[in-house]
Amino acid sequence: MEEKKDNEEKNKYVKELTQEKYKYGFTTDVHTEIIEKGLSEDVVRLISAKKQEPEWLLEFRLKAYRHWLTMEMPTWAHLDIPEIDYQAISYYADPTAQKKDAPKSLDEVDPELLKTFDKLGIPLEEQMALSGMAVDAVMDSVSVKTTFKETLMEKGIIFCSISEAVREHPDLVQKYLGSVVPYRDNFFAALNSAVFSDGSFVYIPKGVRCPMELSTYFRINAANTGQFERTLIVADDESYVSYLEGCTAPMRDENQLHAAIVEIVVHDRAEVKYSTVQNWYPGDAEGKGGVYNFVTKRGHCKGVDSKLSWTQVETGSAITWKYPSCILSGDNSQAEFYSVAVTNNYQQADTGTKMIHLGRNTKSTIISKGISAGKSQNSYRGLVRVAEKADGARNYSQCDSLLLGSQCGAHTFPYMDIRNETAIVEHEATTSKISEDQLFYCNQRGISTEDSIGLIVNGYAKEVINKLPMEFAVEAQKLLSISLEGSVG
Amino acid sequence: MLEIKDLHASINGKEILKGINLTIRDGEVHALMGQNGAGKSTLSNVLVGHPAYEVTKGSIIFNGKDLLEMSPEDRAHEGIFLSFQHPVEIPGVSMVNFMRAAVNEQRKYKGQPALTASEFLKLMREKRAIVELDGKLANRSVNEGFSGGEKKRNEIFQMAMLEPTFAILDETDSGLDVDALRIVAEGFNKLRTPQTSAMVITHYQRLLDYLKPDIVHVLLNGRIVKTGGPDLAQKIESRGFDWIKQEVNG
């Protein structure tokens, strides 16, 4: 009996210790209007009605929903995905909804929500905000607030929630929504197209260089809900924007579904940099809980000399299924994919990119760094396709895997489909392991094992981290070390 | 400073050290000689707390503290430094970041504030000069692509940065040409203070010519079987170990 109690004490301590590592795991107690669980045409209509959408968008949603019904969940990824009951999820949660008896004021944001974002390090008061960064803060299904909107508008830049864009800039949204990721694209894209709630919309007009970083911070708060955000970025000719995305969620024992779409259109000589630090709740050390992250991200380098760069640091989620891709149809267009994916404990990640070369002299670079620890599985999956007419296409791919311990797995699935003889495609891959000798060498110099792993991992991921904007790079470095804490016994 | 009593240690269940007794006082340099497999490297690994070795009996007291109770990093913070026989390469970790972490961890342990970037780089430049280490090497990853001689020089450079009170040189002379040996040995001598003591493991007299040990020990089959002055090393250089073995067995 005594012993049992001792063990319980110990387990409690271990639990506290492992949970401490995820410092974003709190929940916000705020009145949230959540619609009934389940998915049907009525639910799709209800979401559309709540957002007071025009008829064309409801039609788009319904077509997507009907198509989704004909599809099966993809099984080709190197992932062990438990069955997901799509009828057990609520598809819309609005933390900004006013209680019935509360006085109605549309401009006021519940201070609890502002506090939440403060706690996450994302102050939404413009005078307190990070310098040079505008933020769209999304909680559950609704955009809470977008900062610096007016400042940006002076330059003609549109930065707002996608719901607002549908109301204020319907022509732009209708022109581009689904133009890069059609709703038929895949199972999760169809689902998202049917039920997407909020997300950000960015339009950079011709010749404008966006003077500040734009960012969206996604937060899941409500229980038993899915988050289905949708982001659309359009960079008109000769424009430039750097966009950042961050995400966190509370620690819950149940898994939560997140299925997003990001579409980017890059016109002539324009450049878009898209950076992600994905830190959804990864589940606990025993693999309980965590976010299922099924995301379709794709950019279209439509214009000549256009440029798109994806940088991602993936440390969170129980399951990650994500392949930020580029269609290079503009002549001389360029695309980059820089990725660090960390998996620990029971996390699973299947991530990579697709580079589709259609235009002449198009160029793509893929740098992928996988880090696996614990009992996790980490896969790189990439496709390089060079179409018949893509003369002079070039691709360089480098896929490295780093293993900590002997119970984790690292896998590489590079696919190539080259249909033009002038193409030059290079692929390099390495697998390495942090050795006991390396750790001991650091220990002897006075550096603890966890700090040593942090040093080694950050050194290994440096090429990718350096691509991130300054504030994010520092955060990402810390995150890499924290994610791997306790991974070497 | 260092007091080892009846130390027994094994690796993978095999006993290598079978009762080592050794006392090293402040400022003394001890040479440890012996054939391959005698237990020299095991002793140095046990002193720095390598996890592969298990201490089965005995004690090690360092400056009044029980060394065996301390983690490897705390032993380092307490002033113990090992110049590795085979320094490992750590790709991706620059020497600058590596040393900065090491120096600041030590300062934290001692309750001192971390060095600023400019203070630290100044310190690096000063210490690099002691072992004539190329500035370019300091910007590379730890030991990556270093020649054998450069790795050894890099070990002494790290010693200069961390200013240990007790240094273990495990075959620091192996793989060094005459010039590199002189630079490394002279560098080590420059770093010595009246309080610094050292244990030097070597097969050759040429390193001891520079380091001038106070006491020379011969290790045989896990025990110190003979202890003498500098002349003992010279005798081994000319006559080998067989006469000692005969003495022990006879």
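Okay, hi everyone. Before anything else, keep in mind that what you see is a predicted model.

Let's start where the chains meet. Chain B puts 20 residues into the contact, and chain A puts in 16. So where on chain B do those residues sit? Four elements of chain B each give at least two residues to the side that touches chain A: α2 (72-77), β7 (90-94), α3 (95-109) and α6 (148-162). The top contributor is α3(B), with 6 residues.

Now over to chain A and a pair of helices. Helix α10, residues 449-460, packs with helix α12, residues 470-483, at an angle of about 130 degrees, and their axes are 9 Å apart. That angle makes α10(A) oblique to α12(A). The handedness of the crossing is right-handed. Who touches whom? From α10(A) you have A:G454, A:V457 and A:N458, and they meet A:Q477, A:L480 and A:S481 of α12(A). By class, this contact has 2 nonpolar residues, 4 polar and no charged.

Last stop, back in chain B: an open sheet of 4 strands, ordered β2-β1-β4-β5, with antiparallel pairing. Which strands stand at the edges? Those are β2 (14-24) and β5 (65-66) of chain B; each has a single partner strand, so one side of each is left without a neighbour in the sheet. For β2(B), pairing with β1 (residues 2-11) is antiparallel and runs over 8 bridges.

How values were computed: Residues are numbered from 1 along each chain as its sequence is written. Chains are lettered from A and ligands numbered from 1 in the order in which they are written. This is a predicted model: local features need pLDDT of at least 70, side-chain atom pairs count only at pLDDT 80 or more; totals for chains, interfaces and linings use all residues. Two residues are in contact if their C-beta atoms, placed from the backbone, lie within 7 Å. Axes are lines fitted to C-alpha atoms, for helices over the stretch in contact, and angles run from 0 to 180 degrees between N-to-C directions. Angles under 35 degrees count as roughly parallel, over 145 as roughly antiparallel, 65 to 115 as roughly perpendicular and the rest as oblique. A crossing is left-handed if the near helix is turned anticlockwise from the far one by less than a right angle, and right-handed if clockwise. Ala, Val, Leu, Ile, Met, Phe, Trp, Tyr, Cys and Pro count as nonpolar, Asp, Glu, Lys and Arg as charged, and the others, Gly among them, as polar. Two strands pair if DSSP finds at least two bridges between them.
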